[in-house]
Amino acid sequence: MFAAAFAAGALLRVFTMLGYGPAMWFNDSYEYVSVALHPRPHPIRPDGYGFWLILLKPFHSFALVTFTQHLMGLATAVLIYALLRRKFALPKWGATLAAAPVLFDAYQIQLEQLIMSDTQFTLLVVAVITLVLWHRRMSWRMGAVVGLLLAMTWLTRSIGLPILVLVLAYLLVKRTGWKPIVAVLTTCAIPVAAYMGWFASAYGKFAMTNSDGLILYMRTAIFADCEKMSIDPYKEVELVLLCINDPVSERKDYAQWYLWGQGSGDGEGTGEVLHRWGSVKFTDITNEAASAFAMRAITSQPGDYLQVVLRDFLRSFHWARPRFPDAATYNMYEFKPYYELDSTGNPKRLPNWPSYQGRTDTDAFAYEQGPPETRIVSPWAEIMSGYQKVFYLRGIVLGGIMLIGLYGIAVRWRKLGGPVVLPWLGAFGLLLAPAATAEFDYRYVLPAVPLACIAAAITLRHGVTWVRGSPRRSSASGPTTPPGSGSQPTTPGEATRS
């Protein structure tokens, strides 16, 4: 059953590569390509995905990059199926169903076709959760492997740090022992510390990025009111310079505009506040000032902050996909069966924005050693465009899956949630963190889906009941019946069917 589903998912990915080769592009894609051409610690995001592009650079093929990303998506589904079948003894159809969103969600497949880090990040997170749940008594060697994967996760996306904290807390609660925990910390710390040292050599600051404060600033810019923040204009000039002149009621309803938006050019309009600090936004000084401003806004207006966080968190559970944050960003996640045209009526080329020692379009050409623009080919593009209109995991369904996992934690409260708590908290954190620190984006939802499915599947493996009887062992190890219970032994087949 899973082999058939796997083959169907692979076929959809072949259609995608045929219809949208060599790759699809997002605004952030060009910075990853720039890092691959000119290796350096990037000030905005860690370089984990850039390192992967560097490894594939000798082949000069974005098609190869997207091919490896489709393999990553399929590998994620295999990990889900293997964990649920071999460790938790789910029936074949149940484990296959849990892997189905990764295999068949059109937006998951489209994300794999983008030059973006999210597919790599998703595979790493699922691999970490799989190994931790698989090995109840973890050896220090396996702890070293988990730590190395966590380091790669952290270097791919900054949200990997909370995943590390979650895994360590889970190992402590499960009393895994000090050796594997030390191994996890050590093998995770060494690569991360080396990267931070490299970053310090370039920017003079032992850190991962120069963007965390600025991104949090854009989160608070929607509601920050300097009149409520008790800013001393004589002692806190740097905070005054970050105040937005426009009234809160007239501001944009999406946060990204306050970091990337442009206006009249006079430095006074909404979205142009950061231009008061110069043409380069992502410096240590600007980042620290933005962080201080954001924290002041949060502590001074906690109700307003919680309101925008809750609003963005709930966007993950809509039935449809409302256009957010704007039409341009929304359309980058869509399979289109036609070319977008420029003002002259010709297919749009890649943007020619300035980049590090070059331009975005020439960087992409240099990596590909040929035209890097997406080529839309019939009938494959039409097939995937039509497929995307129907086959994707709707937000309200994801909400139901999350509720099933929450139920699984509730009924296992004596065991602090048991094995359900780790993937469920991972999914919850991946959905909450962008809403709390940056802003909702549809691509941030997809990495949480596999973890939510794992948590729900573990919850449902013995059916739904509020009254849990004596613990039953999985069919893999053979069922047992407590002496004197008067009940008949459960056969392996019955345990599997339940």
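Guide: Start with one term: buried means under 20% relative accessible area, exposed over 50%, and partly exposed in between (1.4 Å probe, protein chains only). This is a predicted model, where local features need pLDDT of at least 70, side-chain atom pairs count only at pLDDT 80 or more, and totals for chains, interfaces and linings use all residues. Residues are numbered from 1 along each chain as its sequence is written, and side-chain values use heavy atoms, with hydrogens and water left out.

Visitor: Is Cys188 buried or exposed?
Guide: The cut-off for buried is under 20% relative accessible area. Cys188 has 2% relative accessibility, so Cys188 counts as buried.

Visitor: What average pLDDT does the protein chain have?
Guide: pLDDT is the predictor's confidence in each residue, from 0 to 100. In the protein chain, 90% of the residues score at least 70. The chain average is a pLDDT of 90.

Visitor: How many contacts does the model have for residues 263–270 beyond four places in sequence?
Guide: Contact means heavy atoms within 4.5 Å. Over residues 263–270 the pLDDT stays under 50. Where pLDDT is low, the predicted coordinates should not be read in detail. For this stretch, the number of contacts beyond four places in sequence is 13.

Visitor: How many helices and strands does the protein chain have?
Guide: Helices (H or I, at least four residues) and strands (E, at least two) are DSSP runs, numbered from the N terminus. For the protein chain, the secondary structure comes to 23 helices and 4 strands.

Visitor: What percentage of the residues in the protein chain is buried?
Guide: The protein chain has 498 residues. The buried share of these residues is 53%.

Visitor: Which residue does a disulfide join to Cys226?
Guide: A disulfide is a pair of cysteine sulfur atoms within 2.5 Å. A search of the whole structure finds 1 disulfide. Its S to S distance is 1.9 Å, and the partner joined to Cys226 is Cys243.

Visitor: How many residues apart are Cys226 and Cys243?
Guide: Cys226 is in the loop between helix H11 (212–220) and helix H12 (237–240). Cys243 is in the loop between H12 and helix H13 (257–260). The pair links distant parts of the chain, and the separation is 17 residues.

Visitor: Is Cys243 buried or exposed?
Guide: Cys243 has a relative accessible area of 12%. The cut-off is under 20%, so Cys243 is buried.

Visitor: What separates the C-alpha atoms of Phe317 and Gly395?
Guide: Phe317 lies in the loop between helix H15 (302–314) and helix H16 (327–331). Leaving aside neighbours within four places in sequence, Phe317 is in contact with several residues, including Gly395, Ile396 and Leu431. Along the chain, Phe317 and Gly395 are 78 residues apart, yet their C-alpha atoms are separated by 3.7 Å.

Visitor: Which residue does a cis peptide bond join to Phe324?
Guide: The omega of this bond is about 0°.

Visitor: Is Ala89 buried or exposed?
Guide: Ala89 lies in the loop between helix H4 (62–87) and helix H5 (92–104). Although Ala89 is not a glycine, its phi is positive, about 55°. With a relative accessible area of 13%, Ala89 is buried.

Visitor: And is Arg175 buried or exposed?
Guide: Arg175 lies in the loop between helix H9 (160–173) and helix H10 (178–203). Phi of Arg175 is near 55°, a positive value in a residue other than glycine. At 72% relative accessibility, Arg175 counts as exposed.
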